[in-house]
Amino acid sequence: MPHPTVTIAVTVHNRERYIAQCLDSILAQTLRDIEVVCVDDASTDGSFSILERYAALDNRIRLHHFTENRGVQQARNHATKVAQGEYIIFVDDDDWISDDCAEQCVKCFLQTPEADCVLIPELRQRPDGTLFEPTGRKHFGSITGEEAFLLSLPWQVAGNFCVRTTYQRQHPYDNSCRYFGDENTGRLMLLDARHVVLSEGRYYYRMTEASVCHSTGIGHYTRLHAQRVLADELCLRRTKPMLRQAYEGFCWHNIVGAYMRYYKERGKMDTAMRHEVLSIIKQAHSQMDFSLVPPRMRCKFGFIPFQDSWSLFRIQEEAYFFLRTIAGRMQTDDTGDSEKRQ
């Protein structure tokens, strides 16, 4: 039996509310020559029962089940190992894709044989159901991997790919951090690519209040650890200084951003969580290579490293975000007064 053209892989953990929509979008693909690899990561709700029901109706679905929760990165690596398609696309268990997504990706590979990554443009769905395109995303035909890597830092390109399965196996998902390791893998895949092409398909990303990115908790702050892992990897690879400088600046910007998040959220945290979050930020601060951070950033109030004094850095951040909060309130008041005058 010939191998399918595309493997669409879905890692599943407790998504009984959304998994049917995800699978429906995959099975509706205009490209029929696909396989669907579903890896259930020890779900405790009805997710696996739904997967079994779908598999009984469509023989293109192949089920794999973990008896203990291993995390999304290990589940994705397992899906990559068993994939039989020439190309592979990962779809999160609460997201979905356009009917022509797989077909458009294959079209890009056929038109641009030197491409290693095909990016899938993203639309996001708010909790109220409305859709929007993230601001600042770049639209392009074909760019180099280095260009795509740099665009990925300010999220000017999406993190949804179709790649050759052999290429994915060369880039296993980073499991050094339970969350956000996929960002490291995605950026390395872009960096190593000869060319990166943008497809005309669509990936629909569901924003939920419970996701790590949008909820209060430790999970979001562990992104700093994942980013340091990639910074160390770029150093070991002897990546071009220009690319390392860009990434180290990106890491520093995110440390300051993490402190801003802490400043806003700490009122909802208990004492133990506040200490843990500050410990994560402090460790990330201590591991920075400030010699690579652009001088114009290091000299800006709020971004001055004070690398020999965590206390001075904290004082700066408290003052910086306090002043930003006051300025934001004044701007809001001025806007309100202006509206009243009108």
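How many cavities of 30 Å³ or more does the structure hold? The structure holds 2.

## Basis

This is a predicted model, in which local features need pLDDT of at least 70 and side-chain atom pairs count only at pLDDT 80 or more, while totals for chains, interfaces and linings use all residues. Residues are numbered from 1 along each chain as its sequence is written, and side-chain values use heavy atoms, with hydrogens and water left out.

## Cavities

A cavity is a set of points, on a 1 Å grid over the protein atoms alone, where a 1.4 Å probe fits but cannot get out; lining residues have an atom within 4 Å of a point. Grid points are joined across faces, edges and corners, and a volume is the space filled by probe spheres set on the points. The largest cavity has a volume of about 110 Å³. Its lining comprises 14 residues, and Pro121, Glu122, Arg137, Lys138 and Leu198 lie nearest its centre.

The second largest cavity holds about 60 Å³ of space. Among its lining residues are Leu224, Arg228, Cys251, Ile255 and Met288. Helices α8, α9 and α10 each supply at least two residues of this lining, and α8 gives the most, with 3 residues. Helices here are DSSP runs (H or I, at least four residues), and strands are runs of E of at least two, numbered from the N terminus.

## Nonpolar cores

A nonpolar core is a set of buried Ala, Val, Leu, Ile, Met, Phe, Trp, Tyr and Cys residues joined through side-chain atoms within 4.5 Å. Buried means under 20% relative accessible area (1.4 Å probe, protein chains only). The largest core has 36 residues, of which Tyr221, Tyr247, Trp252, Ile255, Tyr262 and Ile281 touch the most other members. Helices α7, α8, α9, α10 and α12 each supply at least two of its residues, and α9 gives the most, with 11.

Leaving out residues up to four places away in sequence, Tyr262 is in contact (heavy atoms within 4.5 Å) with Tyr221, Met269, Arg274, Val277, Leu278, Ile281 and Arg314. Another core lies apart from the largest one and has 35 residues, including Cys38, Val91, Cys101 and Ala115.

## Cysteines

The structure holds 0 disulfides, a disulfide being a pair of cysteine sulfur atoms within 2.5 Å. Cys108 is buried, with a relative accessible area of 8%.

Cys162 is likewise in no disulfide, and the nearest cysteine sulfur, that of Cys105, is 4.3 Å away. Cys162 is buried, with a relative accessible area of 0%.

Definitions and conventions. Buried < 20%, exposed > 50% of the residue type's maximum accessible area, 1.4 Å probe, protein only. 1 Å grid on protein atoms, 1.4 Å probe; cavity = no way out; pocket = protein on both sides within 12 Å on 5 of 7 lines; lining within 4 Å.
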